[in-house]
Every structure is written in structure tokens, then in C-alpha cells.
Protein chains: 4
Amino acid sequence: MSEDERVTKRAASEVARVFDDAPFIAGLGLGLESTGPGACVTTLALERRHLQQDGFVHAGVQATMADHTAGAAASTLVPDGCFVLTSGFTINLLRAARGKRLVCRAKVLKAGRHVTVVESEVFCVAGADETLVSKAVVTLAVVARLT
Amino acid sequence: MSEDERVTKRAASEVARVFDDAPFIAGLGLGLESTGPGACVTTLALERRHLQQDGFVHAGVQATMADHTAGAAASTLVPDGCFVLTSGFTINLLRAARGKRLVCRAKVLKAGRHVTVVESEVFCVAGADETLVSKAVVTLAVVARLT
Amino acid sequence: MSEDERVTKRAASEVARVFDDAPFIAGLGLGLESTGPGACVTTLALERRHLQQDGFVHAGVQATMADHTAGAAASTLVPDGCFVLTSGFTINLLRAARGKRLVCRAKVLKAGRHVTVVESEVFCVAGADETLVSKAVVTLAVVARLT
Amino acid sequence: MSEDERVTKRAASEVARVFDDAPFIAGLGLGLESTGPGACVTTLALERRHLQQDGFVHAGVQATMADHTAGAAASTLVPDGCFVLTSGFTINLLRAARGKRLVCRAKVLKAGRHVTVVESEVFCVAGADETLVSKAVVTLAVVARLT
């Protein structure tokens with residue numbers, strides 16, 4: 001296995017862990033669609049339980065999706081023996097979100113030694129149409145795993 | 001009933017609606033502790049399902065709590081026939097959160113005609129000790145209810 | 001003059017006003033490079049007076065550039081008799097900025113009746129090379145001009 | 001000189017450097033009023049050159065003040081041989097700012113090994129009255145000085 005293959009494999013295994021071992025994410029129903037170096041795509045089939053009091057997708061659902069997808073994207077680039085932990089984010093909800101499905105696409109803007117910055121966009125999907133409903137910038141600390 | 005009593009009663013009923021009619025919040029287990037003009041306090045008994053992959057409270061849980069408590073605080077001040085909708089927020093996660101219980105306190109910084117700005121603080125509670133774990137500033141649009 | 005031409009002309013005149021009548025911007029040396037519907041590009045020739053204590057471009061310079069360029073982009077889309085006023089922004093400084101010239105490109109993400117959201121990217125320019133140094137999301141209130 | 005005195009003296013000297021050696025801050029006219037462990041207060045006598053096109057204090061002026069005061073507050077707590085560099089901030093402009101003088105108060109929310117988070121509030125001052133006009137949360141990287 002070449003060094004590149006080894007890195008790719010480790011990144012895939014870290015992303016899998018980020019999805020499989022996070023109870024809040026499993027409970028939400030967030031699905032991993034694809035991943036690549038510094039990037040991640042997730043989807044969420046919307047149900048009534050994702051809504052707020054006026055029938056729109058709750059801001060917290062969009063924030064969770066944007067944050068977690070960003071974390072997975074960041075995970076693909078962290079060095080061996082490290083993991084990422086969200087240190088903060090900003091999300092702008094551009095349009096009230098509703099419909100059947102959300103897609104989130106995250107891409108790393110800057111992967112630093114201690115801090116990684118990732119951008120996440122959340123879209124409402126209806127057939128072939130996608131509407132951008134929210135956009136977040138997530139800052140994550142790169143933390144050494146205690147062994 | 002005086003005008004003041006009427007306003008107080010309407011605010012209480014709007015806050016009750018914000019909690020009772022939001023499926024995502026009921027599912028999360030967020031509880032309303034108290035409310036006042038421009039203020040709201042909520043609590044969350046932490047369970048395994050609120051965690052992320054490394055055993056900490058998920059950023060999305062804290063964000064949802066900060067956002068929803070802010071929304072309730074903002075709701076106490078909106079004019080008759082209006083409701084609030086989060087237009088965005090920033091959250092800073094100051095310390096990794098864990099423990100048995102979170103408390104969130106929100107207070108309105110500025111209640112405008114079209115936009116309300118609210119500050120939310122989330123604390124980990126252990127006995128009599130409270131530790132600030134995250135702080136958010138939430139911006140909400142004040143929207144007229146279609147009748 | 002067609003309706004389209006009239007709108008374009010008004011937008012250009014509002015952008016000109018946003019640059020010519022803002023003393024802080026004239027003092028900074030920020031130059032308007034181009035403008036279009038929902039978009040604006042500005043440049044800044046860096047001088048010693050734009051720096052902070054360690055020789056990097058001050059965060060406040062980048063923030064001012066990101067905010068003002070966003071405001072100009074938003075101005076191109078406001079209805080007659082209205083103007084925009086920044087209600088807040090988030091900026092992420094991805095890399096320490098230095099060099100001879102900065103370029104900022106702003107584009108409107110959402111132009112609402114009361115609120116417009118704009119994204120600004122700031123680049124360091126060296127010859128043909130551009131490096132993204134900061135990225136901001138700016139929220140602006142659309143305000144009716146008192147007459 | 002005790003260890004405490006040594007730390008206090010170093011903090012004061014780092015804050016002085018942060019003000020004296022930053023050309024953009026000298027040009028703006030920002031004055032250091034007081035400093036303490038994890039805290040800093042600054043003032044700005046408003047002039048026409050600080051305004052935007054509609055006669056209000058430019059968002060960039062408030063952002064610069066909030067950021068720089070936060071940086072000085074953070075500087076009081078960094079270990080020997082380190083300095084701080086803004087990695088990003090969020091500012092909410094709650095009310096249009098005008099008048100004769102602004103005051104900014106910054107206090108550290110969390111001083112970490114790699115990242116410090118600071119809150120800054122900007123007030124318009126008129127006689128004995130102070131009005132909160134903007135509030136920012138600033139994130140700074142703690143960087144080791146190359147020797």
C-alpha cells in the first residue's frame with residue numbers, strides 16, 4: 001500500500017468513525033453520501049420531527065448538519081493520531097427551509113496545524129432543483145488523541 | 001385585564017407555542033425553565049443520544065439549545081400577529097461539554113421592528129457549579145403572520 | 001431609457017455615492033474596481049499604515065474592505081428610496097495577509113426585502129497569483145430613506 | 001520582583017507594544033484607557049473621517065476597535081515568547097452609532113493554549129450615558145514568536 005493509499009484509507013476510516021460513533025447524528029438520520037480530501041457531502045430525508053413550531057426545518061437541524069459535515073470534511077485532512085473538535089461556527093439561514101430532502105456540501109477552506117476552517121452549504125432538494133437555504137463557516141480545533 | 005397583563009399573557013402563550021409545537025425540540029428533550037420580558041431559561045438532561053463521536057455533547061445540540069432559547073426570549077417581545085424566525089447565529093464552543101445537565105440563559109440585546117438580536121449562554125451544571133461552555137449571538141427576523 | 005437601463009443607472013449612482021461619500025473609505029484608500037448586479041470588486045494598495053504590530057495587514061483593514069465591498073454589492077439591488085446599513089458580519093482570517101495589494105470580491109447570497117446577505121472574499125495579489133486570505137459573510141438591513 | 005509582578009510587567013509591555021507598534025491603530029486614533037488580566041478598555045474620539053456615507057460610524061471602525069481591544073486583552077494572558085493573531089470575529093451592530101466618543105471594553109472568555117476567545121462591547125458615550133452599539137466575539141490564535 002502506497003503512502004497515498006494509506007492516507008486515503010485512514011481518512012475514510014476516520015470519517016466512518018465520525019458518522020458511526022456519534023449518537024446524535026445517528027438519531028438525526030444524517031447520511032454520509034460521499035467524501036474526498038477536504039470535502040464531504042451528506043443528506044437528510046426530512047421528517048416532521050426535524051421541524052420547528054411553524055413547519056420549517058429547525059435552525060438546529062441545519063446547524064447540526066452543517067457542523068457535522070464540516071467536521072467530516074476536516075477529518076479527512078488531520079494528521080495521524082489527531083481528531084477535530086468544533087470550536088465555533090456561524091450559520092446564515094438564507095431562506096425558510098422545507099421539503100423532502102436536504103443536502104449539505106462541506107469543503108475545507110484552510111487546514112492548519114491547530115485550526116481548520118470549513119465552509120458548509122445546505123440545499124433543499126426537490127427533484128433536480130437545489131436551493132441554497134443556509135451557509136455556514138465552521139472552525140475546528142485539531143486535537144492530539146491521548147494514547 | 002390591563003394592557004400589561006394582556007401583553008404578559010400573550011408572551012407566555014407564544015413561548016408555550018414555541019416549545020409545544022416544535023417537534024425537534026420535544027424530541028431533543030429541551031425543557032422550558034422560566035421566561036420573562038426579553039429573557040428565557042431552558043435545561044437539558046444529557047443522555048448518550050446527545051453526544052458526538054468522542055463522548056462530548058454535540059455542537060449541534062448546544063447550537064439548537066442556544067438558538068431555540070434565544071427564539072423564545074425574542075418571542076416575548078414581538079408585536080401581536082408576528083413571530084420570529086432565526087436568520088443566523090454564531091456560536092463559540094469554549095470548552096468541551098459533558099456532564100449531566102446543561103442550562104441555557106438567553107437575553108435580548110436589541111428588539112427591533114424587523115430584527116431582534118439575542119445572546120445565549122450555555123452552562124454545564126454539576127451540583128451548585130456552573131461552567132460556561134458556549135456562547136451564541138442569534139439574529140432573528142420578526143415576521144408578520146399571514147392571516 | 002428602458003426600465004432596465006434606469007435600474008442599472010440608479011445602482012451605479014448608489015455605488016458611487018457609497019464610495020465617494022464615505023470618509024473612512026476614502027481615508028483607507030479603498031478603490032472601486034467594478035460593479036454589477038449583486039456584485040462588487042474593490043482593491044487596496046497596501047501601505048505601512050494598514051499594518052498591525054507584527055507587520056501583517058490589520059484585521060480591521062480586511063474587515064472594513066469586506067464589509068464595504070459587501071455594502072456596495074448590496075446597494076446595487078436595493079429598491080428606489082432605500083439604502084443598506086450593516087447589521088453584522090463574520091470574518092475568518094485564513095492566512096496572515098501581507099504583500100502589495102488586496103482585492104475583495106463580494107457577491108449577494110440573498111437579497112431580501114428587509115435583509116440582504118453578502119459574501120466577501122479578500123485575496124492577496126502578487127503578480128498573477130491570488131491567495132484567499134479572508135472570507136466574510138455580511139448581513140445588511142435595507143432601510144427606507146426618510147424624505 | 002515576584003513572579004506575579006514579572007507577569008504583570010510583561011503583560012503591560014506587550015499591551016504597550018500592541019498599541020504603539022500598530023500603524024493602523026495609531027492612524028485611527030484609538031487610545032488605550034486601561035488594562036488588566038484578561039481585560040482592556042479603549043476609547044475613540046469620533047471625527048468625520050470615521051464615518052460612512054450616511055453619517056454613521058463605519059462598521060469597519062467599530063470592528064477595528066472591537067478586534068484590537070480584544071487582541072490587547074488576550075495579550076495580557078499569553079505565555080512568554082508568544083503573541084496573538086486574530087483568526088476571526090463576529091460583530092453585531094445593534095444600533096447606528098454616532099456621537100462624540102466610543103468606548104470599547106473587552107474581556108477574555110477563554111484563554112486556551114492555542115486559541116483565546118474574547119468578547120468586546122462598543123458603547124457610544126454622551127456625558128454620563130453609555131449606549132451599547134455593537135458586540136463582538138473575537139477568536140485569536142496564540143502563536144510562538146520565532147527567535
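Two strands are taken to pair if DSSP finds at least two bridges between them, and helices (H or I, at least four residues) and strands (E, at least two) are DSSP runs numbered from the N terminus. The structure is a predicted model, in which local features need pLDDT of at least 70 and side-chain atom pairs count only at pLDDT 80 or more, while totals for chains, interfaces and linings use all residues. Residues are numbered from 1 along each chain as its sequence is written, and chains are lettered from A and ligands numbered from 1 in the order in which they are written.

Strand β3 (residues 82–93) of chain A and β3(B) run antiparallel and are joined by five bridges. Within this pairing, Thr90(A) stands opposite Thr90(B). The two strands belong to an open sheet of twelve strands, in the order β1(A)-β2(A)-β4(A)-β5(A)-β6(A)-β3(A)-β3(B)-β6(B)-β5(B)-β4(B)-β2(B)-β1(B), with antiparallel pairing. Neighbouring strands are turned by 25° against each other on average, direction ignored; axes are lines fitted to C-alpha atoms, for helices over the stretch in contact, and angles run from 0 to 180 degrees between N-to-C directions.

Inside chain A, β3(A) pairs with strand β6 (residues 129–144) in the antiparallel sense over eleven bridges. One of the bridged pairs is Cys82(A) with Ala144(A) in β6(A). Helix α3(B) packs on the sheet and touches β3 of chain A together with β1, β2 (39–45), β3, β4 (101–111), β5 (115–126) and β6 (129–144) of chain B. The direction of α3(B) makes about 140° with that of β3(B).

Contact between chains was assigned by residue (C-beta atoms, placed from the backbone, within 7 Å). On this basis 33 residues of chain B are in contact with 33 residues of chain A. Two or more residues each are given to this side of chain B by α1 (3–20), α2 (23–28), α3 (59–75) and β3 (82–93) of chain B. The largest share, ten residues, comes from β3(B). This side of chain B divides into 14 nonpolar, 13 polar and six charged residues, where Ala, Val, Leu, Ile, Met, Phe, Trp, Tyr, Cys and Pro count as nonpolar, Asp, Glu, Lys and Arg as charged, and the others, Gly among them, as polar.

Chain B also meets chain D, with nine residues of chain B in contact with nine residues of chain D. Here β3, β4 and β6 of chain B are the elements that give two or more residues. By class, this side of chain B has four nonpolar, two polar and three charged residues.

Chain B can be laid on chain D with an RMSD of 0.0 Å by a turn of 180° and a shift of 0.0 Å along the axis (least-squares superposition on the C-alpha atoms of residues with pLDDT of at least 70 in both). That is the relation of a two-fold axis. In chain B, the C-alpha nearest the axis is that of Thr90(B), 3.6 Å from it. The same surface serves both copies, as 100% of the contact residues of chain B recur in chain D.

Conventions. Two residues are in contact if their C-beta atoms, placed from the backbone, lie within 7 Å.
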